[in-house]
Amino acid sequence: MKKIVVDWVACDGHGLCAQMAPELIDLDDWGFPIITHQPEDQRSNLLAQSAVEACPVLALRLERVD
Amino acid sequence: MSAQSSLTVSSTHPPLTFAGVLSGASSAAAPRRLPLREHQMVHGVPLPAKKAHRHLDDAVAVLQHGVVKGRGGANFPFAIKLESTAGARGNPLVVVNAAEGEPASAKDLGLLLLAPHLVLDGAITSARLLKCKEIVVWLHHGSPALASLEAAIGERRSDSDVTIRIAQAPDRFVSGQVTSVVQGLSGGTALPYSLRFQPSIKGVKGRPTLVSNAETYALVALTLQHREAAHGRLLTTVMNTDGQRHIVETVKGTPVSSVLSAAGVDATGAPLLVGGYAGSWITSDQIQHATADDFVLRDPAVRLGVALFAVADPQWCPVVVTAQIASWLAGQSAGQCGPCTFGLPAIADALSRLAKSRPATTDRANLDRWLPLVRGRGACAHPDGTAGLVASLLVAYGTHLNDHAAGKGCHRGAATAWPALRSAISGVRSR
């Protein structure tokens, strides 16, 4: 399985990730992502992947967890 | 804050870290830097360079048995870092982190002013165990320890197998964060970054880098040299209401009240700030249960952090003082990570309005919501530390904070000394 990891230095709070994967990602009061759920099945994995690809500053990545 | 002040040094036990510094001198004489010859009479000489790396496993075992953990505040076991660096590919580097970011902490400064050779012994031994030829001491710009450290390095010409140089860090809170050190020494700006590899694997310019705090290296030297006698040795900073700092050498498990007594500071009826500005409040009633140990209190859990014990004036309102410190900490954000850049000022502003008993209706509830929200959402631990301080106010003085939220008057005032003091310390004097 994979988990969503945020590079906080890179993240500018564009918020596209939360639009792409609202079931996994929420935004805080200042527009920065809160990972509410990590992907647990193939469907949410695809959602997470789309959030990663949507980020204009490449601040999200999927990291393998063992 | 007085423009210039001196540190005092004392010990709750027969001194070991400050052996020769404290024991030899008459009480009237000012403590001074222990020169190399006298240092060697007390602490011997470090592991010789020749084939030193063959002793790595033994050293790791001794350091594990001695429970040597990082004294920069993170408390990470040193032996694990050492082994990890030894196992990594590349040309290793040893870094002594002496950029004491916490503005009230002065224990690393005291150590470098009085016993710099202990720090160098630990760093040189570590370097030899790693077959490393280079040591960098990371010191914040304008540190009063510079002259002492330079003099000590000048005395180490016989240890010519390693070169020791000093690099100066920007004088700000996050300069001491481990990734700031790595980035600064790699030729970049000394700011935190999101860690993907431990510095022990890929650190400065991609080299395996052993980064530890200055006191940790002293503890490495003490433990390898004195074994059991060094176990639990700890330097603490006691600060009184005027901002006067006292360095107290102690042993883990010692009651905090004994540490305060050794510093000659009276804490009757006073709130105590433990572990640093990014630390925790405990009430005067809790001081009697507090020990200088990894957990100063178990319930609520209060960590040792950088081992600061700051005695507040009972006339200062803890809400006001916390708002002052939180505002300063918020201003120390490097401005790189959103939750820290925006969250910390929001928290500090809400708390400042509460401190004036003129809060917005949402301020009190927002604190509860925001404190857990900023934690763990940054490249470094700065938001965690700041949120932790405010959270400890909610635990220790929650009732009083709620009085402020209800707009009830508070007869206590702002701190007349401390916040944002930097180590305007000119030297060391006897207590």
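In this predicted model, N75(B) is partly exposed, because 13 other C-beta atoms lie within 10 Å of its own. N75(B) sits in the loop between α2 and α3 (78–87) of chain B. Helices (H or I, at least four residues) and strands (E, at least two) are DSSP runs, numbered from the N terminus. The phi of N75(B) is positive, near 65°, and the residue is not a glycine. Most residues other than glycine have a negative phi, and most peptide bonds are trans.

Residues are numbered from 1 along each chain as its sequence is written, while chains are lettered from A and ligands numbered from 1 in the order in which they are written. As the model is predicted, local features need pLDDT of at least 70 and side-chain atom pairs count only at pLDDT 80 or more, whereas totals for chains, interfaces and linings use all residues.

K51(B) is another non-glycine residue with a positive phi, of about 55°. Its place is the loop between α1 (36–43) and α2 (56–65) of chain B. K51(B) counts as exposed because it has 10 other C-beta atoms within 10 Å. P300(B) belongs to the loop between β12 (295–297) and β13 (302–303) of chain B.

Helix α7 of chain B spans residues 178–185 and is mostly covered, with seven of its eight residues buried. These are V178(B), T179(B), S180(B), V181(B), V182(B), G184(B) and L185(B). They pack against four strands of chain B: β2 (93–97), β3 (134–140), β4 (163–169) and β5 (209–213). Packing is judged by contact: two residues are in contact if their C-beta atoms, placed from the backbone, lie within 7 Å. After α7(B) comes G187(B), with a positive phi near 100°.

Two packed helices are described by the angle between their axes and the distance between the axes. In chain B, the axes of α5 (residues 116–129) and α8 (residues 214–226) come within 7 Å and cross at roughly 75°. Axes are lines fitted to C-alpha atoms, for helices over the stretch in contact, and angles run from 0 to 180 degrees between N-to-C directions. α5(B) and α8(B) are therefore roughly perpendicular to each other. Angles under 35 degrees count as roughly parallel, over 145 as roughly antiparallel, 65 to 115 as roughly perpendicular and the rest as oblique. On the α5(B) side, the residues that meet α8(B) include L118(B), V119(B) and D121(B). On the α8(B) side, A214(B), Y217(B) and A218(B) are among them. By class, this contact has ten nonpolar, three polar and one charged residues. Here Ala, Val, Leu, Ile, Met, Phe, Trp, Tyr, Cys and Pro count as nonpolar, Asp, Glu, Lys and Arg as charged, and the others, Gly among them, as polar.

Chain B is divided into domain 1 (7–231), domain 2 (236–311) and domain 3 (318–405). The bounds come from an automatic or database domain assignment. The C-alpha centres of domain 2 and domain 3 of chain B lie 22 Å apart. Nine residues of domain 2 of chain B are in contact with twelve residues of domain 3 of chain B. The domain 2 side of this contact has six nonpolar, three polar and no charged residues.

Chain A has two helices and four strands. Along the sequence they follow the pattern β-α-β-β-α-β. Its C-alpha atoms fill a box of roughly 30 × 20 × 15 Å, taken along the principal axes. Buried residues make up 27% of the 66 residues in chain A. Among contacts in chain A between residues at least 6 apart in sequence, 55% join residues at least 24 apart.

D26(A) lies in strand β2 (residues 25–27) of chain A. With 14 C-beta neighbours inside 10 Å, D26(A) counts as partly exposed. Leaving aside neighbours within four places in sequence, D26(A) is in contact with A18(A), I34(A) and T36(A).

The two chains also touch. Chain A gives eight residues to the contact and chain B gives twelve residues. On the chain A side, five are nonpolar, one is polar and two are charged.

Terms used:
Buried ≥ 20, exposed ≤ 12 C-beta atoms within 10 Å, placed from the backbone.
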